[in-house]
Amino acid sequence: MDKFRITGPTRLSGEVAISGAKNSALPVLAACLLTPEPVVLHRIPRVRDIGTMRRLLQHNGATITEREDGALVVHAAEVTQPEAPYDLVKTMRASSLVLGPLVARTGRARVSLPGGCAIGARPIGMHVTGLEQLGARMEQSHGYIEATVPDRLRGCVYTFDRITVTGTEDLLMAAVLADGETVLENAAREPEVVDVAELLIRMGARIEGAGSSTIRVRGVGRLHGAEHTIIPDRIEAGTFAAAAAITGGEVRVNGCEPEHLTALLSKLRHAGVTVIEEGKSLLVKSSGKLASVDMETQEHPGFATDLQAQFMALMTQAEGISIITERIFENRFMHVLELARMGANIRVEGQRAIVAGPRRLTGAEVIASDLRASASLVIAAQAADGDTIIDRVYHIDRGYEKIEEKLRGLGARMERIEAK
Ligand code: EPZ
């Protein structure tokens, strides 16, 4: 397994370009199963989870070609295998995103149930009950969810018990081909949901309200091909902003959407970081002197859980006590013990982590436990004295495109030690 060696401390400076959003690209790729015509996608990030989704679509019968300009062309002329096998689902839970599209397009789907996960239980019960409301017969056997629809899905009113991002996307993708109107209440408002809805509208779907808690869909008989550019990755942008801030650096984060990051930017400003929004760029400047701020993760437009670990790394260097409350996942503090190995003073009490700072960080051997936890270790290592060795960086490769190249471009001393 590859490792990173990061030598700190470093003051990051320069410019970095943000890639397409992984969490948008995943449902957008799944949406390509809804039409027999080719869909052209721009700015799909080259990360491991996307590789997994591509393999899944190919398994379903789609062909995927890469154009010279980097665009991906996904063509699901026929769906021959409406199934997401265990081998793919176990490495990427977002595989359940094909459930809605497969059942809407072919009338059946067989998707392996995701198992446990480093950040919590992560059930997909609402994907299942939602499809049931849309008229699918859902059964579970041998670790698989099986969906069948005798004729065509039919519109319904479905209220999510709690907000789910991929659940909203999955049901939205099913509803676009259903007979009649579907209303999704208490829907997720994440920018990634809006991005998928925009592609679906380009494909001929009739959707209103994406980005609000109520999404209305009028089903159509078929969808056609389309061309779409994925939104920039707000979590990657936020990760670089936090990295700049922890090092007392000055970094211009280019090609991002500051509007998708308002909660983080507000917290950074409260912590004493200068953030200047310039169109699709963010200039992040810090003297290195940070004030502690409390933070609670919430659904969008609240503070993203996917930036909690990175913000915690930053707070280890802030003056005073910062209370970080995780409200989305029950077990998303795996990075705490690793940050502690580097010298951070953090105590966990249930859903809250209490960070006392600033504490001098020193390089240590640490283990990446999930994607965003790895990002927090990479950030902390920039501020730590000496060498930090981060093991299991395959987690970070799932969601960050060329992270070491991008950080080295900002002056980081970082190398990948490849497994023999
Ligand atoms: C999406 O996961 C993201 N993944 C996650 O990104 C992100 O952390 C999460 O949303 C929250 O923002 C993708 O978009 C591919 P949820 P998702 O369903 O959709 C509970 C990353 O690092 N729940 O919104 O799987 C669930 O347990 C990641 O890129 C149910 O109880 O998350 C959680 O507590 C990891 N029943 C909460 O809802 C259900 O049927 C929110 O989860 C579904 C969810």
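User: Is serine 281 buried or exposed?
Analyst: This is a predicted model. The relative accessibility of serine 281 is 13%. Because a residue under 20% relative accessible area is classed as buried, serine 281 counts as buried.

User: Which residue has a side chain joined to that of serine 281 by a polar contact?
Analyst: Serine 281 is found in strand β17, residues 281–285. Beyond its neighbours within four places in sequence, serine 281 is in contact with several residues, including Arg252, Val253, Gly255 and Ile276. The polar contact between side chains is 2.7 Å, and the partner of serine 281 is asparagine 254.

User: How much of the area that the ligand exposes when taken alone is buried by the protein?
Analyst: A polar side-chain atom of threonine 164 lies 2.6 Å from an oxygen atom of the ligand. For valine 165, a polar backbone atom is 2.8 Å from a ligand oxygen atom. Taken alone, the ligand exposes 830 Å², and the share buried by the protein is 88%.

User: Which element gives the largest share of the shell around the ligand?
Analyst: Domain 1 (3–19 + 232–417) and domain 2 (22–229) each supply at least three residues to the shell. The elements that give two or more residues are α1 (22–31), α5 (125–133), α6 (165–175) and α12 (371–383). The largest share, three residues, comes from α1.

User: How many residues of the shell around the ligand are charged?
Analyst: There are 21 residues around the ligand, and Asp306 is among those that come nearest. The shell includes 10 nonpolar and five polar residues. The number of charged residues is six.

How values were computed: Residues numbered from 1 in each chain as written. Predicted model: local features only at pLDDT ≥ 70, side-chain atom pairs only at ≥ 80, totals over all residues. Heavy atoms only, no water. Near = heavy atom within 4 Å. Polar contact = N/O pair within 3.5 Å; in protein donor to acceptor, adjacent residues only side chain to side chain. Areas by Shrake-Rupley, 256 points an atom, 1.4 Å probe, with all protein chains shown as cover. Helix = DSSP H or I, 4+ residues; strand = E, 2+ residues; numbered from the N terminus. Nonpolar A, V, L, I, M, F, W, Y, C, P; charged D, E, K, R; others polar. Domains from an automatic or database assignment. Buried < 20%, exposed > 50% of the residue type's maximum accessible area, 1.4 Å probe, protein only. Contact = heavy atoms within 4.5 Å.
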